[in-house]
Amino acid sequence: MQGLIINNPRLEFLRPALERWVDCIDRFNQVQGDNEAPYWHGAAANTGLLAAAAWQAELVALQQYLSKKQRDEGEREGRGDLSISSAEESIHLHASQRWPRIARLDLTAALQETTSTAKALAYASQLKAGALFVTPWKAGQHASPEELQDLVDDLQKHTACAIAWYFPYAYRKLHNELGQYYPGVALLLKQG
């Protein structure tokens, strides 16, 4: 199960990268095997996959770059997590990740926190967004197709500018040593 919704026309240039993001996840799994998923490894790893997808989509991407952060007291040196650019448009992203239980997918505070941090990333005239990676889990057994559909429905209730998700059937039994099953990943982008 995968999908992509872009609610903000300014982010439409990211569509090819978000589509190839799924391919990057699959390629990682093909090389590393069925006992490993890249989305388990946190925001930096997921940001790297998104950067790779941007390059595959013939965009350019730069991770962990120096930026001028805007604060009330003026600008200061800072670091952006990821910038993605086409010839016409560019976006600066602040990335974070959450691992909620499948039935408890309240991401409102996490999305707001990530978006608020993104607001200071660059100059006011530049496009910036929070990028919240979400790796839900379920204890003891894999999620049913109905639970995954409910999860996707819950994701779409958030006020994000773009939402992408990938819950592949092949990965539904991936779990850690604690018996937590991780069926996939979602990405919510919200303009800051």
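**Close-up views of a predicted model**

**View 1. Gln64 is partly exposed, with a relative accessibility of 43%.** Buried means under 20% relative accessible area, exposed over 50%, and partly exposed in between (1.4 Å probe, protein chains only). Gln64 lies in strand β2, and its phi, near 45°, is positive although the residue is not glycine. Most residues other than glycine have a negative phi. Helices (H or I, at least four residues) and strands (E, at least two) are DSSP runs, numbered from the N terminus. The model is predicted, so local features need pLDDT of at least 70 and side-chain atom pairs pLDDT 80 or more, while totals for chains, interfaces and linings use all residues. Residues are numbered from 1 along each chain as its sequence is written, and side-chain values use heavy atoms, without hydrogens or water.

**View 2. Glu58 follows helix α2 and has a positive phi, near 65°.** Glu58 sits in the loop between α2 and β2 (60–71). Glu58 is exposed, at 75% relative accessible area. Like the residue of the previous view, Glu58 is a residue other than glycine with a positive phi.

**View 3. Helix α2 covers residues 43–56.** The 14 residues of α2 should span 20 Å at 1.5 Å a residue, and the end C-alpha atoms are 20 Å apart, which agrees; the expected span is 1.5 Å times one less than the number of residues. The buried residues of α2 are Ala43, Asn46, Thr47, Leu49, Leu50, Ala51, Ala53 and Ala54. For Ala51 the relative accessible area is 5%. Leaving aside neighbours within four places in sequence, Ala51 is in contact (heavy atoms within 4.5 Å) with Ala61, Gln63 and Leu82.

**View 4. Helix α1 (residues 15–32) packs against α2 at an angle of about 120°.** The axes are 8 Å apart; axes are lines fitted to C-alpha atoms, for helices over the stretch in contact, and angles run from 0 to 180 degrees between N-to-C directions. The crossing of the two helices is right-handed. On the α1 side, the contact involves residues including Trp21, Cys24 and Arg27, and on the α2 side residues including Leu49, Leu50 and Gln56. Arg27 is exposed, with a relative accessible area of 54%. From Arg27 to Pro38, 11 residues apart in sequence, the C-alpha distance is 10.0 Å.

**View 5. Helix α3 (residues 108–118) has Ala110, Leu111, Thr114, Thr115 and Ala118 buried.** Seen down the axis, these buried residues of α3 fall within an arc of 125°, so they line one face of the helix; the arc is that of the directions from the helix axis to the C-beta atoms. They pack against β4 (90–98), β5 (127–134) and β9.

**View 6. Helix α4 (residues 145–155) has Leu148, Leu151, Val152 and Leu155 as its buried residues.** An arc of only 95° around the axis holds them, which puts them on the same side of α4. They pack against β7 (162–166) and β9 (185–191).

**View 7. Ser85 belongs to strand β3 (residues 74–85).** Ser85 is buried, at 18% relative accessible area. Beyond neighbours within four places in sequence, the contacts of Ser85 are Phe13, Leu59, Val60 and Ser90.

Note on methods
Left-handed = near helix turned anticlockwise from the far one by under 90°.
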